[in-house]
Structures are given as C-alpha cells and as structure tokens.
Amino acid sequence: MTPAPDRPVADAVTGHWVDRHAPEAVRPYLRLARIERPIGWWLLLLPCWWSAALAATAVGRPGPSLWHLALFLIGAVAMRGAGSTYNDIADRDLDARVERTRLRPLPSGRVRVRHAVIFLVLQALVGLAVLLQFNKAAILVGIASLAPVAIYPFMKRVMPVPQLVLGLAFAWGALMGWVALIGRLDAPAYWLYAGAIAWVIGYDTIYAVQDIEDDEIAGIKSSARFFGTRVRLAVAGCFLACVLFIGLALSGAGAGPIGLSGLALFAGHLAWQVGRLDPRDGAEALRLFRSNRDAGLILFCGLALDAIWQGLM
C-alpha cells in the first residue's frame, strides 16, 4: 500500500511543533503517540493530580508532593502514547473508514504494524519505570489499570456506550494519587474515581459528536450515537454526577472552603459546556472537549491551594 500524503489528522493542534519541526521519519510515530494532541495526556493526568492534592488534604500535608506530580506527568504522557498506539493497532481497519481518523499513521500506511508494536513496548517501559518509583500498593493499583485499557478498543464494536470503559481507564489516576501518598485506598479515593469516570463519559460524548455520521456508516458504537437527540441531557447528567461524586470525595477527605470553591468553579465550567453544546456543530464540540483541560486545572488549583492552606494552619 502506498502511504498517504503526510498531513496532520483532522483534530490535531494547528501548527504544532510535530508538524513544523519534527524529522519526517519520526513524525508518524509522534502522531501515533498523539504528541500533537496534548489534550489526551492532560485528561489522563488531571485525575492523578486531583487525587494527589486531595490525599494531601486528608493527611494534613501542606500541598501535594511535587515529586509525585512530576512522576504523574511523565507517566501520563508515556501511557497516553502507549494507549493510543495500542488503540490504533486494534482499530486500524475501523479508522480507515472514518473521515477524521483515516490519516492516522496506521490506516494511512505511514507506520507498519510491527513497528507500531515495538513503539508501544518502548512507551510502556517508560510507564513501568515511572510506576516503580511509587510504593508497593500504588504499583499494584497501577498494574490493575491495564485491564480496562486492554479491553477498551474492542468495546466500541459491541457496547452501546464504550465511553464507560474509557472512563474506567482514563479516570484511574483518581486512585493513584491517593494510594501513592497514603499507601491504601479509602472512600474519598473511590468517590473521586466515580466522579472522574462520569467526567470522562461526559467529555468523550462531546468528542464523539464529531463522528456520529461516520460512526454509523462504519458500525462503530458511541455514546453520542446511543443518546441521539438527548445527547445534551446525557452530558448534563454525566457532569452532574461528576460534581456530586467529587463533592462526596471532598467531604470525606476534609476539604475546606478553598477546595469547595474550586469544585464550584469546575461545576460552572461544566455547565457552560452543556449550554454551548450543539450536536450539529462538530467544530464547537471539539473546542468544548479540549476546554476540559481548563476545567480540570481549575479543580486541581482549588484542591492544591486548599491542601496548602490547611497544611499550614
């Protein structure tokens, strides 16, 4: 098969350094890891940071561990890349039938499957090196995250709302920050995980709005297709559940007014997304999806500042 022309995929960041400066031979692998779409690793990272900050509040530490935050950042970039590579290997035939994804490195022929597998292993080894820096409980919890990651690519063929399994995988960091600091999992960590799962389902439903027509043709299942004309109501329900569950996590961990204010601002951002969502406007759906980085950072800042304030009091 003759490789397709080297062009960015539809939802890549315009003018990213990968497209402007990376050597042409390396560029397809960076795209395979979604380096030119940093929103993915941000969304994987933020539940880790929320959990690290909330755990600090629970134990009276003046702020989350900077070392842990740095490790989570490296791990999120590596594991998001590994997960994306694995997903593209599994989905290469489906991706070839969807307009937005047909220029990805595998369906376009710019990367061979065996080379993608080697690249996957290298990224996973970086993630493993990061994981081994934590305590034994965190290592075991981290290894358990591979189960939803492994099955997710196949759920869109059989499950009406595969975003649920994506949520199980992408929200896993809500457990990691807590267990990395405290060495066990407690109720607030589980509530935070539940809230993060609801957040993932909500924002990925917004993302899936872009592909409704192509997904129907290709036979790919998604929450946007499942909810149909009620997609805005469904996203609102997911975001409401997210805020309620995270509120229970904050209450259980002893969060103060600063943390609760961060949650309120986070909730306001989610409500703004619901108000702006138009199922007929794929470009606006992509913008709203990307805005969840800002929503997640708002919550993290509130939790981190609350931990610092309470820890110093």
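In which helix is Ser-223 found? Ser-223 is found in helix α12, residues 223-227. The model is predicted, so local features need pLDDT of at least 70 and side-chain atom pairs count only at pLDDT 80 or more, while totals for chains, interfaces and linings use all residues. Residues are numbered from 1 along each chain as its sequence is written, and side-chain values use heavy atoms, with hydrogens and water left out.

**Exercise 1. Describe the surroundings of Ser-223.**

Step 1. Helices (H or I, at least four residues) and strands (E, at least two) are DSSP runs, numbered from the N terminus.

Step 2. Ser-223 counts as buried because its relative accessibility is 0%. Buried means under 20% relative accessible area, exposed over 50%, and partly exposed in between (1.4 Å probe, protein chains only).

Step 3. Contact means heavy atoms within 4.5 Å. Leaving aside neighbours within four places in sequence, Ser-223 is in contact with Pro-160, Val-161, Pro-162, Gln-163 and Thr-205.

**Exercise 2. Determine how α9 and α10 pack, and state which residues meet.**

Step 1. Two packed helices are described by the angle between their axes and the distance between the axes. Axes are lines fitted to C-alpha atoms, for helices over the stretch in contact, and angles run from 0 to 180 degrees between N-to-C directions.

Step 2. For α9 (residues 173-182) and α10 (residues 187-208), the angle is about 155 degrees and the axes are 8 Å apart. The two helices are therefore roughly antiparallel to each other. Angles under 35 degrees count as roughly parallel, over 145 as roughly antiparallel, 65 to 115 as roughly perpendicular and the rest as oblique.

Step 3. From α9, the residues Ala-174, Leu-175 and Trp-178 meet Pro-188, Ala-189, Tyr-190, Leu-192, Tyr-193 and Ala-196 of α10. By class, this contact of α9 with α10 has nine nonpolar, no polar and no charged residues. Ala, Val, Leu, Ile, Met, Phe, Trp, Tyr, Cys and Pro count as nonpolar, Asp, Glu, Lys and Arg as charged, and the others, Gly among them, as polar.

Step 4. Nine of the ten residues of α9 are buried; among them are Met-176, Val-179 and Ile-182. Just after α9, Gly-183 takes a positive phi of about 85 degrees.

**Exercise 3. Identify the main members of the largest nonpolar core.**

Step 1. A nonpolar core is a set of buried Ala, Val, Leu, Ile, Met, Phe, Trp, Tyr and Cys residues joined through side-chain atoms within 4.5 Å.

Step 2. The largest core has 79 residues, of which Trp-50, Phe-72, Trp-199, Ile-246 and Phe-266 touch the most other members. Its largest share, 14 residues, comes from α3.

Step 3. A second, separate core of 13 residues includes Val-18, Ile-89, Ala-116 and Leu-120.

**Exercise 4. Characterise Trp-49 and Arg-34.**

Step 1. Trp-49 is found in helix α3, residues 39-59. Trp-49 counts as buried because its relative accessibility is 13%.

Step 2. Not counting residues up to four places away in sequence, Trp-49 touches Trp-42, Leu-69, Phe-72, Leu-297 and Phe-300.

Step 3. Arg-34 is found in the loop between α2 (27-32) and α3. At 5% relative accessibility, Arg-34 counts as buried.

Step 4. Most residues other than glycine have a negative phi. Phi of Arg-34 is near 65 degrees, a positive value in a residue other than glycine.
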